[in-house]
Amino acid sequence: MNNDSSSRVVEGLREWLAEAAPGAKLPSTRTLVARYGASPVTVQKALRTLASQGVVESRPGVGTFVRAVRVARPNDYGWQTAALGSPQSRLPRTSTALRTAPNDVIALHSGYPDRDLLPERLVRAAFARAARTDAAVGRPPSAGLPDLQAWFAAELGAVTPEWGAPPVPSDVIVFPGSQSGLGSAFRALVGAGRPLLVESPTYWGAILAAAQAGVRVVPVPSGTGGPDPDELARTFERTGARVFYAQPNFANPTGARWSPDLADRVLGIVRRYGAFLIEDDWAHDFGIAADPVPVAARDDAGHVVYMRSLTKSVSPAVRIAGVIARGPARERVLAAAQTESMYVSGILQAVALDVVAQPAWRTHLRGVRRGLAARRDLLIGALREHVPAARLEAVPEGGLNLWVRLPDATDLARLSRDCEASGVVIASGDEWFPAEPTGAYLRLNYSGPNPGAFPEGARVIGEMLARQRPM
């Protein structure tokens with residue numbers, strides 16, 4: 001009945017609006033209630049409908065008015081070119097991984113897990129509880145809520161060997177997501193114009209954060225087993241760098257997981273050169289066939305700055321990460337963080353802590369492990385069947401992605417366009433190289449929605465790739 005009444009009011013007002021001048025004020029709600037014999041709620045709904053259609057505009061406290069017709073014209077922003085000048089550095093374009101794809105496509109490009117792999121019930125309940133606490137209105141400490149600091153420290157401390165000194169809560173700095181943590185760490189520990197060693201390929205967000213911080217990225221070749229330690233040592237020697245950024249567990253995009261021997265060798269090199277390792281443990285919660293053991297657990301001398309994100313595993317709406325650093329490095333990173341955001345939303349910190357402290361969190365992670373394994377294996381099988389020219393150098397033991405090599409002559413830009421035109425969104429591997437790509441790669445995410453469509457997605461990739469082969 002309300003819908004019918006609302007439509008009747010809308011039609012009646014349209015007749016009035018057809019004769020009204022632009023900017024004319026509509027009759028009051030009380031007048032419209034009397035004129036159309038409708039309730040105030042129905043009249044307000046009719047006005048909202050007209051506003052959503054761009055016919056009228058509401059001015060709070062004043063009334064509702066006929067929207068003036070504006071003539072479309074091109075905007076001239078040329079003056080900004082002179083005002084801004086040339087950019088200090090060319091920032092990488094936004095990654096394909098951040099694109100939001102329509103529901104009717106097969107999305108193999110995303111950097112985030114599907115909603116089915118998130119602890120949605122725990123998150124919703126945590127928000128409800130946090131909204132009733134002081135976290136909803138108070139300002140948290142700059143370094144983070146003490147209880148959340150303690151959780152991050154205890155998690156790393158649980159895998160610290162008996163001979164090592166585990167971190168303490170005051171070593172922890174809470175950030176609004178790992179991207180913010182990367183930017184602060186690069187500014188504080190590297191500095192503009194100074195060299196930063198990174199694995200190649202590496203996380204595109206780290207490349208972006210380095211560009212924004214003005215640091216000079218130096219690639220170190222890295223494969224499915226991790227970086228070559230001898231090449232890492234030579235690069236430290238050649239460049240004079242003091243910071244190496246890496247992802248020792250389930251690296252994005254390669255899926256590489258360092259062996260204990262490699263972790264010890266890299267840590268030894270970092271110590272020899274009096275340098276830092278910024279360890280990005282982005283996929284800590286996404287182990288499949290192995291559990292991650294952070295390199296930071298082997299270091300108590302402050303050489304490893306450890307970054308642990310909860311955003312992908314808890315919820316994209318809960319952008320929370322913890323950075324564990326010791327000594328003066330911690331103070332510099334905290335100072336850099338304060339200049340950017342001062343502090344992190346207390347309610348988001350409270351929600352994150354609530355979720356990971358629940359007994360059901362561990363149960364959820366076991367389910368995620370099984371779900372990721374099934375999705376990974378389904379996509380691998382589909383690629384082997386439909387894209388025989390693709391080479392998967394290693395099956396990842398965790399993480400969210402497959403790193404697939406295609407024939408060197410592949411035109412990745414064309415392949416991406418052709419696949420998208422056929423309803424499949426993919427991510428070119430070029431975005432993950434800090435310098436020139438060393439081959440034609442795709443980074444395919446197996447944690448996305450609708451895994452049942454993976455075979456069809458692989459079939460489209462294979463068909464579009466076959467079209468590029470010479471006849």
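## Basis of the description

Residues are numbered from 1 along each chain as its sequence is written, and side-chain values use heavy atoms, with hydrogens and water left out. Because the model is predicted, local features need pLDDT of at least 70 and side-chain atom pairs count only at pLDDT 80 or more, while totals for chains, interfaces and linings use all residues.

## Helix α9

Helix α9 spans residues 229–239, and its buried residues are Pro229, Leu232, Ala233, Thr235, Phe236 and Thr239. Here buried means under 20% relative accessible area, exposed means over 50%, and partly exposed lies in between, with a 1.4 Å probe and protein chains only; helices (H or I, at least four residues) and strands (E, at least two) are DSSP runs, numbered from the N terminus.

At the N-terminal end, aspartate 228 caps α9, with a side-chain oxygen 2.9 Å from the backbone nitrogen of aspartate 230; just after the helix, glycine 240 takes a positive phi of about 75°.

## Helix α7

Helix α7 (residues 178–189) is mostly covered, since ten of its twelve residues are buried, including Leu182, Phe186 and Leu189. The helix is followed by glycine 191, whose phi is positive, near 95°.

## The largest nonpolar core

A nonpolar core is a set of buried Ala, Val, Leu, Ile, Met, Phe, Trp, Tyr and Cys residues joined through side-chain atoms within 4.5 Å. The largest one has 51 residues, of which Phe236, Phe244 and Ile320 touch the most other members, and its largest share, seven residues, comes from helix α13 (residues 346–357).

Leaving aside neighbours within four places in sequence, isoleucine 320 is in contact with residues including Leu148, Phe152, Val174, Leu348 and Ala352, where contact means heavy atoms within 4.5 Å.

## Asparagine 445

Asparagine 445 is found in strand β16 (residues 440–445), and at 0% relative accessibility asparagine 445 counts as buried. Leaving aside neighbours within four places in sequence, its contacts include Leu108, Tyr112, Leu379 and Phe454.

Note on methods. Polar contact = N/O pair within 3.5 Å; in protein donor to acceptor, adjacent residues only side chain to side chain.
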